[in-house]
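Reader: I have a sequence and a model open on my screen, and I would like to go through them with you. Could you take my questions one at a time?

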Amino acid sequence: MDYRMPLYIQLQDIITKKIEEQVFLPGEKIPSERELAETYGVNRMTAKRAVNQLVEKGYLYRVQGSGTYVDKPKRTKLNMELSAEDRNTGITAMLKKSGMQGRNIVLGKGDLEPSDYYAYYLGIGKEDVVWGLHRVRLSKEKPIAVEYSYVPKKYFEDIDETDFEKVSLYDYMDARDHLPRHFNQELQAVEAGEKEAGLLQVEKGSTIFRVTYIGADRNYTIVEHTEAYVNPELIEFHYQTEAVR
């Protein structure tokens, strides 16, 4: 056990991993709180707190006088792969890959005022127009992410004519031969601010993920800067890399 992290959170992670890896199957009784405490070297209150949290989150349920059992999955997590090369890492693509249905709510779109910040990150001149798209991404009507995307308008002159509640941004960019294929990505755990908490339907101050990435097309021309806030209850991230030989 890593004693730098609260023990009940570590125990939650251990039990959750056993559920996700099907060591504990739906409907199966898990070890008692006393057995968990003895196995992992924690006290009974720590084990009880970990189990209580997992009951609240829907991973487990209790049967009076019988014990605690693994609940049937109530949600499917979307697996997002963090990669630097040749992948469509857009949420729409990930939803399709996972067999999940999704839709978008457009919060706002249009040309931005000149900005040194976006000009710098997009590798364009300050005189070049930056076009922005703010969206909430939903799966099964649950908000999974809030995305703030910015692109150089000179590569997408007809972008204002596209309905991004129905069309994937990456499908549009692909049709204009500027699909992001190379990425510089950063993942952080942050506290949900009032705006993002409301849009994601989570508690203000709760932990969410912030993913910032810059995407370049096949010619390594920067075509996108996106900042996304995602619900960790509905999305998990995987990073894949290859060893240098």
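Reader: How many aromatic pairs does a search of the whole structure find?

Author: Happy to start there! This is a predicted model, in which local features need pLDDT of at least 70, side-chain atom pairs count only at pLDDT 80 or more, and totals for chains, interfaces and linings use all residues. Residues are numbered from 1 along each chain as its sequence is written, and side-chain values use heavy atoms, with hydrogens and water left out. Rings of Phe, Tyr and Trp (its six-membered ring) pair if their centres lie within 6.5 Å, and planes under 30 degrees apart count as stacked, over 60 as edge-to-face and the rest as tilted; the number of pairs found in the whole structure is 11.

Reader: What kind of aromatic pair do Y120 and Y121 form?

Author: A pair of aromatic rings is described by the distance of the centres and the angle of the planes. For Y120 and Y121 these are 5.1 Å and 80°, so the pair is edge-to-face.

Reader: Is Y120 buried or exposed?

Author: Buried means under 20% relative accessible area, exposed over 50% and partly exposed in between (1.4 Å probe, protein chains only). Y121 has 30%, so Y121 is partly exposed. Y120 has 65%, so Y120 counts as exposed.

Reader: Which strands hold Y148 and Y229?

Author: These two tyrosines form an edge-to-face pair, with 6.2 Å centre to centre and 75° between the planes. Y148 is buried at 8% relative accessibility, and Y229 is buried at 11%. Strands are DSSP runs (E, at least two residues), as helices are (H or I, at least four), numbered from the N terminus. The pair ties together parts that are 81 residues apart in sequence, because Y148 lies in β6 (residues 142-152) and Y229 in β9 (residues 222-230).

Reader: What is the distance between the end C-alpha atoms of helix α1?

Author: The expected span of a helix is 1.5 Å times one less than its number of residues. Helix α1 (residues 7-20) has 14 residues, so it should span 20 Å. The distance in the model agrees with that: 20 Å.

Reader: What covers the buried residues of α1?

Author: The buried residues of α1 are Y8, Q10, L11, Q12, I15, T16 and I19. Counting contact as heavy atoms within 4.5 Å, the elements that cover these residues include α2 (33-40), α3 (44-56), β1 (60-63) and β2 (67-70).

Reader: Which residue lies over the face of Y8?

Author: A charge sits over a ring if NZ of Lys or CZ of Arg is within 6 Å of the ring centre and within 35 degrees of the ring normal. The residue over Y8 is 3.8 Å from the ring centre, and it is R49.

Reader: With which side chain does the side chain of E33 make a polar contact?

Author: E33 is in helix α2 and is buried, with a relative accessible area of 17%. A polar contact is a pair of N or O atoms within 3.5 Å; within protein, one must be able to donate a hydrogen and the other to accept it, and residues adjacent in sequence count only if both atoms are side-chain atoms. At 3.0 Å, the partner of E33 is R62.

Reader: What is the phi of Q22?

Author: Most residues other than glycine have a negative phi, and most peptide bonds are trans. Q22 lies in the loop between α1 and α2 and is exposed, with 57% relative accessibility. Its phi is positive, near 65°.
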